[in-house]
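New notebook page, new structure. I'll jot down what I look up as I go.

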Amino acid sequence: MPFVAAAIGYGTKVVAIKMMFKPLKFVGIRPYLGWQGIVPSKSATMASIACDLMMERLLKPEDVFDRLDPNRVAEEIREPLIRSVEDITREVAAKYQPGLWESAPERVKKMIIQRIQNEAPHMVELIMQDIKTNITRVFDLKDLVINALVRDKELLNRVFLEAGHVEFKFIRNSGIWFGFAIGVVQAVVWAFTHNVWVIPLFGLFTGWFTDWLALKMIFNPKKPTRYLGLFEWQGLFLKRRKQVAARYGALVASEIVTPAAVIEAILKGPLSDRLFGLVQKQVQRTMDEQAGLAKPLVVFAVGSTKYQEMKRTVADKVMEHLPETLSHMEAYAEEAMDLKNLLVTKMQELTEEEFEGLLRPAFQQDEWILITVGAVLGFLVGELQVHVMLHFAVPIT
């Protein structure tokens, strides 16, 4: 009986953990006949909870950009920027003054392009300064994180599984020892009663109690506490704060808030229209400055309406080229932002309650279902055990 109870304890834990994360998509007949992993099924809620904690205590949009030097950014993208400026200049000039541009000597064309290219890095610096000043207007960090986790449910699973891999291992293995101890009590009760209901009811209790106790021991007590004067215990997840912080920080920095993801979120996210406004402002300022004394002649040549349209077209072209141009600064951005160490440092400043919030949502969502499943499985195994004993003619009264 102790060995069967240990198997029940272990088996119900394995099933419970699997049910938390698998399958990624609903399998069965909706809405009630079937199953989807609790974490994937609650991906939007889980991601929102994780993001709220991240933005409230760990990472703010300002943290992502404050470490970037606009001058260094301009230097990193200088070469691709120069190439794109030449393409844009030739394309726009050929569109709005095809005859004049085509008839101009190549030396004049190159001089115009060179002048704009020389000014382009300064324009990038000003754009970066504008972005840093207006970061919350052009960059939605919460949208980036939630979209990444909801879109990639496997990644959401990994956030919880890798941050809590030791805790999940403890849950599985604890079922063996807790189950064995309960099985010893079951054997004693059976020896005195030989009641057929002892076996399935103890199976139910084993499945329920071992699930409940393992979850409690992961998060409680918050502080190291000595029991019976014999041993000390602290919630396992809280005890491993340094290791969890290191893995969590590395995972977020390498998989979620990456330079590539940040650039994409700025250029294509829900606030990208505001970024376009900043770019357009700087592009138009640069064009007006470069036109200088010749601006009245330029306006006269193309017309006031077309001149304004031309400036908007240049801004559009700059935005089109930005994704490829900015990709050349990713290595510098990753080094400068150093999000992994930033996250690790800030995670170590969290209170016990805040730190618990990193992993606790994975268990809180429909936790009762997991414990109930453990109890039902334990009861069914107990029933099976009774039938086996009857088959082999074990005396039952």
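Is D130 buried or exposed? I looked that up before anything else. D130 has a relative accessibility of 13%, and the cut-off for buried is under 20%, so I put D130 down as buried. A reminder to myself: this is a predicted model.

Where does D130 sit? I find D130 in helix α8, which runs over residues 106-133. Setting aside residues up to four places away in sequence, I see D130 touching L278, K281 and Q282.

Next, the overall picture. I count 24 helices and four strands in the protein chain. The chain has 397 residues, and 47% of them are buried. Its accessible surface is about 20,200 Å², with 61% of that belonging to carbon and sulfur atoms. I also checked contacts with a separation of 6 or more: 79% of these in the chain are between residues 24 or more positions apart.

Then the nonpolar cores. A general note first: in soluble globular proteins, nonpolar side chains tend to be buried together. Here the largest nonpolar core holds 97 residues. Which of them touch the most other members? I get L59, F65, F139, Y248, I256 and V257.

I followed up on Y248. Beyond its neighbours within four places in sequence, Y248 is in contact with A50, M54, L58, V159, A163, M347 and L358.

M347 from the Y248 list took me to helix α21, residues 339-347. In this helix I find L339, L342, L343, V344 and M347 buried. What do the buried residues of α21 pack against? I noted five partners: α3 (43-58), α4 (61-65), α15 (241-256), α20 (330-337) and α22 (352-356).

Last entry: a helix pair. Two packed helices are described by the angle between their axes and the distance between the axes. I picked α11 (residues 153-163) and α12 (residues 165-193), whose axes come within 4 Å and cross at roughly 70°. Angles of 65 to 115 degrees count as roughly perpendicular, so α11 is roughly perpendicular to α12. On the α11 side the contact is made by F160, L161, E162 and A163, and on the α12 side by H165, E167 and F168. I sorted the residues of this contact into four nonpolar, one polar and two charged. A163 had already turned up in my notes, as one of the contacts of Y248.

Conventions: Residues numbered from 1 in each chain as written. Predicted model: local features only at pLDDT ≥ 70, side-chain atom pairs only at ≥ 80, totals over all residues. Heavy atoms only, no water. Axes fitted to C-alpha atoms, helices over the stretch in contact; angles between N-to-C directions. Helix = DSSP H or I, 4+ residues; strand = E, 2+ residues; numbered from the N terminus. Parallel < 35°, antiparallel > 145°, perpendicular 65-115°, else oblique. Contact = heavy atoms within 4.5 Å. Nonpolar A, V, L, I, M, F, W, Y, C, P; charged D, E, K, R; others polar. Buried < 20%, exposed > 50% of the residue type's maximum accessible area, 1.4 Å probe, protein only. Areas by Shrake-Rupley, 256 points an atom, 1.4 Å probe, with all protein chains shown as cover. Core = buried A, V, L, I, M, F, W, Y, C linked by side-chain atoms within 4.5 Å.
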